[in-house]
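Biologist: Can you put the model up? I have a few questions about how it is put together.

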Amino acid sequence: MKITSGLGSALIAVCIGIGISLILALLTGASPILTLQALWVGSFGSPDSLAVTINNAVPLILTGMAVLVAFRTGLFNIGGEGQMYMGALGAVLVGLYVDLPPILEVPLLIAAGALFGALLAGAAGLLRAYTGAHEVISTIMMNYIAQYFVNYMVTKGPLNKGSYSAQTHPINPSARLPVLWNNPVSPVTISVIIALASVLFIHWFLTRTKQGFVLTTVGLNPRMATYAGTNIKGYWIFGMMLAGAFAGMAGAVMVGGVFHKLVANFSTGAGFTGIAVALLAKNKPLGLIPAALLFGGLNSANLELQLSAGVPKDVVLIIQAVVILSVAVQAVISERLEKRQAAGIDRVGSQ
Amino acid sequence: MKNSKQTPYAVEMLQVVKRFSQVLAVDHADLQVKQGEVHAVIGENGAGKSTLMRLLYGFYTADSGTIRINGETVKMTDPGVAIAHGIGMVHQEFMLVPRLNALDNIILGQEPRKGLRVDRQKAREEITRLAGELGFQVDLQAEVRDLPVGVQQKIELLKVLYRGASILILDEPTAVLTPQEVDELFQMLRNLQKQGKTIILITHKLDEVMAIADRVTVMRRGKTVKTVPKDSTTSGELASLMVGRNVILDIKPPPVKPGERVLTVRNLSLQEPGSARVLVDGVSFEVREGEILGIAGVSGNGQSELAELLTGLTRPTSGEILIRGQEVTFGSVRRKRESGIAHIPEDRRNTGLVMALSVEDNLTIGHQDKPELSGKVLLKREAIGERSDRLIKMFDIRPPRRDVAAWHLSGGNQQKVIVARELDHDPQVLVANQPTRGLDVAAMEYVYHHLLEARNQGKAIVLISMELDEILTLSDRILVMYNGRIVGEFARKNADIEQIGLLMLQGREAG
């Protein structure tokens with residue numbers, strides 16, 4: 001059963017994805033070798049592309065985390081995109097209106113992003129707990145609410161900088177995330193550390209803390225958790241807020257580390273890609289890092305694929321889609337295998 | 001109609017066996033139903049009645065044994081075969097399309113045709129005639145979802161008759177009906193009998209048997225125990241046959257003098273939300289230290305709801321629950337647990353355990369807030385591990401490993417995990433709902449041993465079980481539940497199986 005679990009199966013999914021894309025490249029008349037080469041060079045093979053890949057991956061780790069944490073609570077958070085917009089709004093408010101030394105202002109900016117994301121997701125958790133409104137529906141709808149609310153704020157709303165462009169004034173220099181690697185194409189900031197720390201934190205939270213333990217039981221079997229005396233509604237709200245905080249942080253690092261202002265429609269869909277990232281990571285926190293690097297790398301290889309291999313950049317989308325499909329199919333297969341195995345053990349193991 | 005000695009049985013099932021993985025659901029059962037009779041098949045829940053009927057209707061295929069219909073040996077491979085031989089079944093859960101009208105539901109799959117079109121006119125005439133013969137009318141245009149349950153059942157019956165059935169199987173047809181509807185149903189059945197139909201009635205209600213059956217077959221634990229004509233038996237005899245007395249384990253609990261009153265329940269009631277049904281109806285009792293109170297009853301008479309009320313999973317509509325004089329009636333599960341109630345739930349897999357988590361985690365759930373197992377935030381993994389090892393050893397959980405997932409354990413060992421976890425709360429009151437369901441004898445004995453030990457330590461135990469044997473073996477006092485009410489109370493030494501059986505099956509002692 002090793003093949004269908006963890007890292008091995010994720011690697012298989014990735015290979016299938018790339019394999020099928022090479023076949024497609026071949027069919028369109030491109031060279032598979034050049035395609036592979038372009039994929040590599042465009043993602044990890046040069047300093048510039050590596051920097052782009054890392055900067056693509058950071059928000060994906062955070063939005064993937066927003067899906068993972070909710071999933072571990074037994075909920076589907078499809079609202080990462082909206083929570084990211086709200087997080088960006090919270091961050092830009094701090095960046096525009098608070099003036100503190102960077103050592104205070106940067107953490108405040110991130111915290112504001114987390115808070116705004118948490119509040120939006122928490123609303124979905126509340127609705128689920130007290131009205132039964134399914135969180136899939138409410139988070140999807142909140143994506144629109146959040147995105148258009150933020151767009152309004154920066155176009156016709158009070159945050160518009162007063163010209164015809166749909167954006168805010170730049171944030172205070174003290175609110176910018178410090179740069180770790182000043183790559184000319186895409187400077188890498190401390191957002192990398194924030195993402196990695198988030199992964200470690202959730203890994204620790206789920207395995208070492210009492211609250212993480214209870215959250216896990218709620219996610220796996222809410223009925224059992226209720227029977228054991230857990231307030232599962234409280235955990236649903238808490239789980240959603242925790243999840244939303246990470247998506248909110250994704251928005252905050254975009255504002256504080258990339259744009260240094262809030263632009264309408266700034267997202268390229270990281271909130272949604274996070275779902276795929278969490279899926280590929282099998283909802284294991286440590287798995288988010290390679291999964292996000294893969295998706296980030298594929299996105300960063302776009303240009304290179306077109307320029308040097310002559311392959312349309314949509315191939316990247318195909319690879320991503322096939323990887324997701326492979327993971328989903330494997331999940332079904334391994335579930336069946338496990339059931340069969342469990343049934344077999346039942347038979348052998350009864351005294 | 002001819003009824004000479006040569007007339008073969010309408011239905012004859014000989015030495016029929018059906019096994020579901022571990023469980024022998026039907027164990028060399030024999031059933032002989034005469035043509036034109038109303039034949040009741042009775043037994044407790046899980047006695048194998050429904051499985052036997054599903055074998056007859058071709059839902060399941062028997063592992064071995066012979067089935068003859070009107071003297072002809074038939075291989076019942078699917079319901080189509082049964083229907084072709086004139087067998088029809090009215091299921092406990094109706095198989096109707098809610099959004100179609102009554103007429104379309106009845107003819108669905110058997111539509112009379114005129115060219116390419118469905119000849120509804122012909123169907124309507126035919127069905128109206130059938131209904132008329134039975135003595136009732138149905139609005140054939142009404143959508144099924146708008147019709148009361150009693151009428152839906154008539155539609156099911158018409159559906160079966162429309163397909164030309166001469167042998168009718170009714171699976172607990174009165175379970176969903178009001179008393180008036182039951183009378184109507186029985187009148188219909190008598191009319192059908194007059195037309196020469198053979199009727200097999202599955203039930204566990206003795207009143208109904210005495211009211212309508214010609215002969216009765218009693219099933220227990222997959223076996224057909226006895227077939228008797230109704231006129232030469234009494235409900236008392238049937239009750240004893242049904243609940244039986246199988247001494248599975250020779251356990252003699254040592255006498256313990258019950259101590260102080262621990263659990264007091266007064267007038268506890270639960271009304272089903274959004275309906276008038278009363279699931280638990282004015283239940284009162286008390287349990288003392290060192291006492292096992294057994295609650296006997298056929299499943300579905302409010303025992304599960306009672307367990308949920310006691311443990312806080314459901315809030316009562318009215319009444320009182322007190323632990324040592326302290327009121328906890330409307331408390332949450334947490335509140336009830338804090339006041340000293342522990343709970344072995346009836347559904348091991350979905351309520352008692354998180355199957356995907358390890359034995360250690362399952363032993364820890366609910367205990368994680370104890371200061372020796374965690375600080376404010378951090379789990380004390382080492383202490384948790386030591387505690388798990390101790391419990392695994394004490395309760396002989398196999399395999400003796402804390403890291404295996406619960407679903408890899410056998411049912412008996414899963415139950416040991418639950419018992420260990422709940423008793424480790426050192427509760428004042430233990431509510432044990434069907435604690436040995438689905439366990440083999442060894443595991444069962446183990447659970448009994450621990451329940452008795454808890455009792456001897458002075459805990460108050462409420463034991464809910466569908467197995468009367470279990471109740472009789474373990475309880476110091478016995479209450480019988482029927483239709484949500486307590487209908488009888490017995491001290492251990494006065495427990496009379498026939499009386500208890502009658503109370504379980506018809507709610508009163510006299511036949």
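Biologist: Which strands does helix 1 of chain B lie across?
Modeller: In this predicted model, helix 1 (residues 49-56) of chain B lies across strand 1 (11-20), strand 2 and strand 4 of chain B. The helix runs at about 65° to strand 2 of chain B.

Biologist: What is the strand order in the sheet with four strands in chain B?
Modeller: The order is 2-1-4-5, in an open sheet with antiparallel pairing. Strand 2 (23-33) and strand 5 (72-73) of chain B are the edge strands, each pairing on one side only.

Biologist: How many bridges join strand 4 to strand 5 of chain B?
Modeller: Two, with strand 4 covering residues 64-69 of chain B. B:R68 stands opposite B:T73 in strand 5 of chain B.

Biologist: Different topic. What does helix 15 of chain B pack against?
Modeller: Its buried residues pack against strand 15 (291-296), helix 14 (411-423), strand 19 (429-433), strand 20 (460-464) and helix 16 (468-474) of chain B. Among the buried residues of helix 15 of chain B are B:M444, B:Y446, B:H450 and B:R455.

Biologist: And what follows that helix?
Modeller: B:G458, with a positive phi near 100°.

Biologist: Now the interface. How many residues of chain A are in contact with chain B?
Modeller: 21 residues of chain A, against 29 residues of chain B. Helix 8 (210-220), helix 9 (222-227) and helix 14 (314-349) of chain A each give two or more residues to that side.

Biologist: Which one gives the most?
Modeller: Helix 8 of chain A, with six residues. By class, the side of chain A that touches chain B has eight nonpolar, nine polar and four charged residues.

Terms used
Residues numbered from 1 in each chain as written. Chains lettered and ligands numbered in written order. Predicted model: local features only at pLDDT ≥ 70, side-chain atom pairs only at ≥ 80, totals over all residues. Contact = placed C-beta atoms within 7 Å. Nonpolar A, V, L, I, M, F, W, Y, C, P; charged D, E, K, R; others polar. Pairing = 2+ DSSP bridges. Axes fitted to C-alpha atoms, helices over the stretch in contact; angles between N-to-C directions. Buried ≥ 20, exposed ≤ 12 C-beta atoms within 10 Å, placed from the backbone.
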